[in-house]
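Here's a quick briefing to read with the model open in your viewer. Start with the picture, then work down the topics.

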Amino acid sequence: MIYPSRTIMIRYQPFCRSSRHLYPCLCRFASTTSIPETKLLPSAAGTSAFSLRDALDKERERNTLSMSTLLSHAGLPVQNNAGADANEALSPPIVLATTYERPPDGNYRENDFIYSRHSNPTRKLLEDVAGELETADSNPRGRDDARGTSAPGYAFSSGMAAVASLILSHKSPVKLLVPRDVYHGVPTQLVAALEDHGVLHRAVDMTDCEELQRTIAQEVLNSSGREGSLIVWIETPSNPLCQVTDIRRVCDIVQEVRSESAGEKFRITSVVDSTWAPPCITRPLLLGADAVLHSGTKYLGGHSDVLLGIVCPSPFTAQGEWLSERLGAVQSSVGAVASPLDCWLTLRGLRTLHLRVERQCRSAWKLAQYLEAHRDVVKCHYPGLKSHPQHAVATQQMRGMKSSVVSTDGGNDSVFYGGMLSFEVQSEAMAMAVAGAVRIIRRATSLGGTETLIEHRASIEPPERRTSPPGLLRVSVGLEDVEDLWNDLETALMVASKVCSTEGN
């Protein structure tokens, strides 16, 4: 039965304050529109509401979504606008096919898949998500024209495959400026695999910007106008001493030298290995970097079951755009691509990244405070400690997400100093004794998983390139209760002290 038509007025109510802010066009509609009252079936109401929302979305600028929302929907459309008849799976598929049928006319369309070494639907989905996370709500250095721009992403079979592919994307001769404190796998790859192909490297103190500027300028001068590439390799926080490099300042230096001295023949690239500071902590592309690299094996995957690396060149710098094209060619031709399963597992891991990282950061900060005050700990390295030499830089740079959790600095917006820390004890023997005495914490390499790991770094680093102090232990903080972790560490320190005093060490 259809009721007689009569006009009703819908007016804006005070409790719609947030809606008025987000949807001004909806409030104008609601304040002025007359709707004939008829018998409306529930199904028709849902369809009509979907269509009206679509119309309203076209009138207004897209809402800025938080990092937490983007991560929670990783691999899915963040907003359900696929159509009134949509029946989408809420988990993306794993596409294992290696080859795809060619159209009868022989012409592949622009976005068609051909062969999985070139592209794969699951891998492409991860690459798109990674690029969006690095530039979400982007407004780099006040550039309104760049707002909302996504970076391209390239997923590789491991973090080290990503490193090698990024280097191979540059014109030879190639030289890298690497931090003095850096993940030992990078100089090991350079010496063991790439040095014979003319790739050189030099260690510098990335926390000393004046020294770095002189070094870059000297390298440009040495090039004498010849073709070549200089890669300024930033790792922050560094592995294992947790040194923090001022990304914005270093990228400013690179751009300054680049604009004054370098030309098309000699190119300078700023690269940030941000494995220890995933996008919910730091986004280097918004600070001026030409590319950002992650070992997705660590925090992005987050469950110790993925082997994967990701590089996102910047869409905001000319060097980043140049690098993107060449990196895509290297990925496709060399073929060190991430597997569909590893890509899918990383997408799944991203959905909880913000929750895991927030807890890991809070626990790491508490453990660092406990360790710094312990009588048997010579030194604790953690950017969140006020005694850390780059604490101020870390506070500015590792801004993280907005959170209801009170931050370590006492504000309402959390500063995430990371889930990694290291500490030093009196000797190598005592360090090994501490690692041997833990029970909840696991003795293993790698980092970023749900379980807390401890590792004596010096004993696994190549002797000729050892950077870790002999008494240093690196800790990747997991999701356990922080008091359980501290009880385990405190007991291990007590046991190690007894063992070493008995043995006379």
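Predicted model: local features only at pLDDT ≥ 70, side-chain atom pairs only at ≥ 80, totals over all residues.

**The chain overall**

- The chain has 505 residues, and buried ones make up 50% of them.
- Its secondary structure comes to 15 helices and 14 strands.
- Taking contacts with a separation of 6 or more, 71% are between residues 24 or more positions apart.

**The seven-stranded sheet**

- Seven strands make an open sheet with mixed pairing, in the order β3-β9-β8-β7-β6-β4-β5.
- β3 (154-156) and β5 (200-204) are at the edges with a single partner strand each, so one side of each has no neighbour in the sheet.
- On average, and ignoring direction, neighbouring strands of this sheet are turned by 20° against each other.
- β8 has β7 (residues 266-273) as a parallel partner, joined by three bridges, and Val-272 stands opposite Val-292 of β8.
- β8 also pairs with β9, this time antiparallel and over five bridges; there, Ala-291 has Pro-313 in β9 as its bridge partner.
- Side chains of β8 go both ways: Ala-291, Leu-293 and Ser-295 point one way, Val-292 and His-294 the other, and all are buried.
- Elsewhere in the sheet, β4 (residues 174-179) and β6 (residues 228-235) run parallel over four bridges, with Leu-177 bridged to Val-232 in β6.
- Helix α5 (residues 121-135) lies across β3, β8 and β9, at about 55° to β9.
- Helix α10 (residues 318-334) lies across β3, β7, β8 and β9, at about 40° to β3.

- Is Thr-297 buried or exposed? Thr-297 is buried, because its relative accessible area is 13% and the cut-off for buried is under 20%.
- The Thr-297 side chain reaches the backbone oxygen of Val-306 at 3.4 Å.
- Not counting residues up to four places away in sequence, Thr-297 touches Gly-302, Val-306, Leu-307, Leu-308, Ser-446 and Leu-447.
- Lys-298 also counts as buried, at 17% relative accessibility.
- The side chain of Lys-298 makes a polar contact with that of Ser-295, at 3.0 Å.
- Beyond its neighbours within four places in sequence, Lys-298 is in contact with Thr-275, Ser-446, Leu-447 and Gly-448.
- Lys-298 and Gly-448 are 150 residues apart in sequence, yet their C-alpha atoms are 4.5 Å apart in space.

**The five-stranded sheet**

- Another open sheet has five strands in the order β10-β11-β14-β13-β12, again with mixed pairing.
- Its edge strands are β10 (379-381) and β12 (442-443), each pairing on one side only.
- β10 pairs with β11 (residues 420-424) in the antiparallel sense over three bridges, and His-381 has Ser-422 in β11 as its bridge partner.
- Helix α12 (residues 353-373) packs on this sheet, touching β10 and β11, and its direction makes about 10° with that of β11.
- Helix α14 (residues 428-437) packs on the sheet as well, touching β11, β12, β13 (453-456) and β14 (472-476), with a direction about 155° from that of β13.

**Nonpolar cores**

- Nonpolar side chains tend to be buried together in soluble globular proteins.
- The largest nonpolar core here has 93 residues, of which Ile-216, Leu-421, Phe-423 and Ile-454 touch the most other members.
- Helix α15 (residues 482-503) gives the most to this core, with eight residues.
- Apart from this core lies another, of 23 residues, including Val-186, Ala-291, Leu-293 and Leu-327.
- Contacts of Ile-454 beyond four places in sequence include Phe-423, Val-434, Leu-473, Val-475 and Leu-489.

Definitions and conventions
Residues numbered from 1 in each chain as written. Heavy atoms only, no water. Buried < 20%, exposed > 50% of the residue type's maximum accessible area, 1.4 Å probe, protein only. Polar contact = N/O pair within 3.5 Å; in protein donor to acceptor, adjacent residues only side chain to side chain. Contact = heavy atoms within 4.5 Å. Pairing = 2+ DSSP bridges. Helix = DSSP H or I, 4+ residues; strand = E, 2+ residues; numbered from the N terminus. Axes fitted to C-alpha atoms, helices over the stretch in contact; angles between N-to-C directions. Core = buried A, V, L, I, M, F, W, Y, C linked by side-chain atoms within 4.5 Å.
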